[in-house]
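Before you read the points below, please take some time with the sequence and the model. The note then goes through them slowly, one topic to a paragraph.

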Amino acid sequence: MTADITRFDPRLLHNLSVLLNVVNCNITINISKFAEYCRETAQLYVELYSWYHMPNAIHKLLIHGPQLAQIADLPLGALGE
């Protein structure tokens with residue numbers, strides 16, 4: 001429904017939702033699968049919205065999230081406030 005109202009691509013909206021759920025969970029994740037999903041989502045964003053600068057928060061999640069997950073001693077969800 002949100003995608004219909006905003007005319008935002010539903011695939012990208014779904015991928016970002018999945019990534020936010022992963023980032024907020026308190027369990028250990030498969031970093032290679034997380035990195036691949038982030039890469040695929042970044043590619044989808046660029047394919048669909050290359051005319052719009054990627055917001056910093058999305059860039060940090062998609063490009064640097066896997067690096068943070070790899071070096072963190074705790075699950076990503078435990079690093080939040």
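1. A polar contact is a pair of N or O atoms within 3.5 Å, and within protein one of the two must be able to donate a hydrogen and the other to accept it. With that cut-off in mind, look at Thr-41, whose side chain reaches the backbone oxygen of Tyr-37 at 2.8 Å. Please keep in mind throughout that this is a predicted model.

2. Where does Thr-41 sit, and is Thr-41 buried or exposed? Thr-41 is found in helix α3, and its relative accessible area is 0%, so Thr-41 counts as buried. If residues up to four places away in sequence are set aside, Thr-41 touches Leu-12, Asn-15, Leu-16, Leu-19 and Leu-62.

3. For the overall plan, the protein has four helices and zero strands, and from the N terminus on its elements run α-α-α-α. Among the 81 residues of the protein, 26% are buried. The protein exposes about 6,000 Å², of which carbon and sulfur atoms supply 58%.

4. The structure holds four aromatic pairs. One of them is formed by Phe-8 and Tyr-49, which are stacked, with 5.3 Å from centre to centre and 10 degrees between the planes. Phe-8 lies in the loop between α1 (2–6) and α2 (10–24), whereas Tyr-49 lies in helix α3 (residues 31–49), and the pair therefore ties together parts that are 41 residues apart in sequence.

5. What kind of pair do the rings of Tyr-49 and Trp-51 form? Their centres are 6.0 Å apart and their planes stand at 70 degrees, so this pair is edge-to-face; the reasoning rests on the rule that planes over 60 degrees apart count as edge-to-face.

6. Tyr-49 counts as buried because its relative accessibility is 13%, while Phe-8, with a relative accessible area of 25%, is partly exposed. Trp-51, for its part, is exposed, with a relative accessible area of 66%.

Key. Residues are numbered from 1 along each chain as its sequence is written. This is a predicted model: local features need pLDDT of at least 70, side-chain atom pairs count only at pLDDT 80 or more; totals for chains, interfaces and linings use all residues. Side-chain values use heavy atoms; hydrogens and water are left out. Rings of Phe, Tyr and Trp (its six-membered ring) pair if their centres lie within 6.5 Å; planes under 30 degrees apart count as stacked, over 60 as edge-to-face and the rest as tilted. Helices (H or I, at least four residues) and strands (E, at least two) are DSSP runs, numbered from the N terminus. Buried means under 20% relative accessible area, exposed over 50%, partly exposed in between (1.4 Å probe, protein chains only). Contact means heavy atoms within 4.5 Å. Accessible areas come from the Shrake-Rupley method with a 1.4 Å probe; for residues, only the protein chains shown count as cover.
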